[in-house]
Amino acid sequence: MNPPKRLRTAENEAETPTGGREEERSAVDVSIVMPMYNASSWLDECLQAISHQDFTGTMELSVFDDASTDDSRKVVDCWRDRLEARGILVVISGHNSAKPRGVGYAKNQAVSQSGGQYLCFQDADDVMLPQRVRLQYEASVLHPNSLIGCKVRRVPEGSTERYTRWINTITQEQLITQVYTSHGPTVIMPTWFCSKDWFLKVGPFDEGGKGVPEDLLFFYQSIRQGGGVARVDECLLVYRYHEKATTHSVTEETIWKLRVDFLQERVLSQWESFTIWNAGKQGRKLYRCLSLTNQKKVKAFCDVDENKIQKGFYTYEESKQRPKPKIPVVHYRDASAPFIICVKLDMTGGVLEENLNSLQLKEGKDYDHFN
């Protein structure tokens, strides 16, 4: 699918990009794709880092301004000469509608006006390390049908500690097996790097605007298309946490539904029966959200809590079936694989991992993490 066509130049509509000649941009190795909305307080640091990239190929910065009301556009314009002196072409456009149209729209427009063979996605509030483009380009050339990520350093330090640890420590295999967890894409969107050909095959981003997890939707679609997921195991991005970040506009329930649907599509459709590991609130919620077909595949809940186990079963009181479904609750040692794990990662002091290892189970085959 091709990205949306560039809109005609008119008041309140997307303007024609300013930058180098079309023939120059068509020969660029890497386009740094940067949607922008009211980012002026971070842009100097972001753009300085772009100017310090040690990549020796050709680069451009493709910016789309999503109706900023601050001086973001002026800041980028001030950096144009410095960036172009470093050999980095600057292509910028935007619109001045009363409201922003959303990060999905802005990213699509920035990609559409870009000329690079490879795309390096950069949020305007983050800072890339000098080797980012070079190392991710090298990885992407080797894996042209993959989304390439990297490790990150979170600022302020200590914010989202568990999430940051997960981003940086999951294994290459878990980049594929842990795509159903509440953390979202196993390589996070601000670190993405991919070939433009792969983007055009998978994309564009959903343009639903505020409240739409365009990154998760694209990530799942990439996997559906047979795409890979890989990570450069070096810290290549300073990843900023702040309350104005667009990720805060997406509700947990929106993410939950997408995850459940993807789990059913990719995993449960392949299983004849399975056990839900957690007889508590999260495990029961997952059960209730499954299709009737997949509810019937649940042979048991398992747990370590003796109080839950002693109850013997879980009754789905809201069910319209008669008699109401009663699902056995057993100790995990008495349960049988495969399992959907509904226990939060990194929250049991290693006990969950020890229990899984004691059963000699293989992740992605005998169990998948959901929480």
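This is a predicted model: local features need pLDDT of at least 70, side-chain atom pairs count only at pLDDT 80 or more; totals for chains, interfaces and linings use all residues.

**Exercise 1. Work out how helices α9 and α10 are oriented to each other, and which residues make their contact.**

Step 1: Find α9 at residues 214-224 and α10 at residues 252-266; their axes come within 11 Å and cross at roughly 5 degrees.
Step 2: Angles under 35 degrees count as roughly parallel, so α9 is roughly parallel to α10.
Step 3: On the α9 side, the contact is made by Leu216, Leu217, Tyr220, Ile223 and Arg224. From α10 come Ile255, Leu258, Arg259, Phe262, Glu265 and Arg266.

**Exercise 2. Describe the second largest pocket and its lining.**

Step 1: Start with its volume, which is about 290 Å³.
Step 2: Look at the 16 lining residues; Ile170, Gln174, Gln178, Leu345 and Glu353 lie nearest the centre.
Step 3: Ask which elements contribute. At least two lining residues come from each of α6 (161-169), α14 (351-358) and β14 (367-369), and α6 gives the most, with four residues.

**Exercise 3. Find how strand β8 pairs with β5 and with β6.**

Step 1: Take β5 (residues 127-128), which runs antiparallel to β8 (residues 228-240) and is joined to β8 by two bridges. Val127 has Val238 as its bridge partner in β8.
Step 2: Turn to β6 (residues 146-155), which runs parallel to β8, with 10 bridges between them. Here Ser146 is partnered by Gly228 of β8.

Methods:
Residues are numbered from 1 along each chain as its sequence is written. Side-chain values use heavy atoms; hydrogens and water are left out. Axes are lines fitted to C-alpha atoms, for helices over the stretch in contact, and angles run from 0 to 180 degrees between N-to-C directions. Angles under 35 degrees count as roughly parallel, over 145 as roughly antiparallel, 65 to 115 as roughly perpendicular and the rest as oblique. Contact means heavy atoms within 4.5 Å. On a 1 Å grid over the protein atoms alone, a cavity is a set of points where a 1.4 Å probe fits but cannot get out, and a pocket is an open set with protein on both sides within 12 Å along at least five of seven lines; lining residues have an atom within 4 Å of a point. Grid points are joined across faces, edges and corners, and a volume is the space filled by probe spheres set on the points. Two strands pair if DSSP finds at least two bridges between them.
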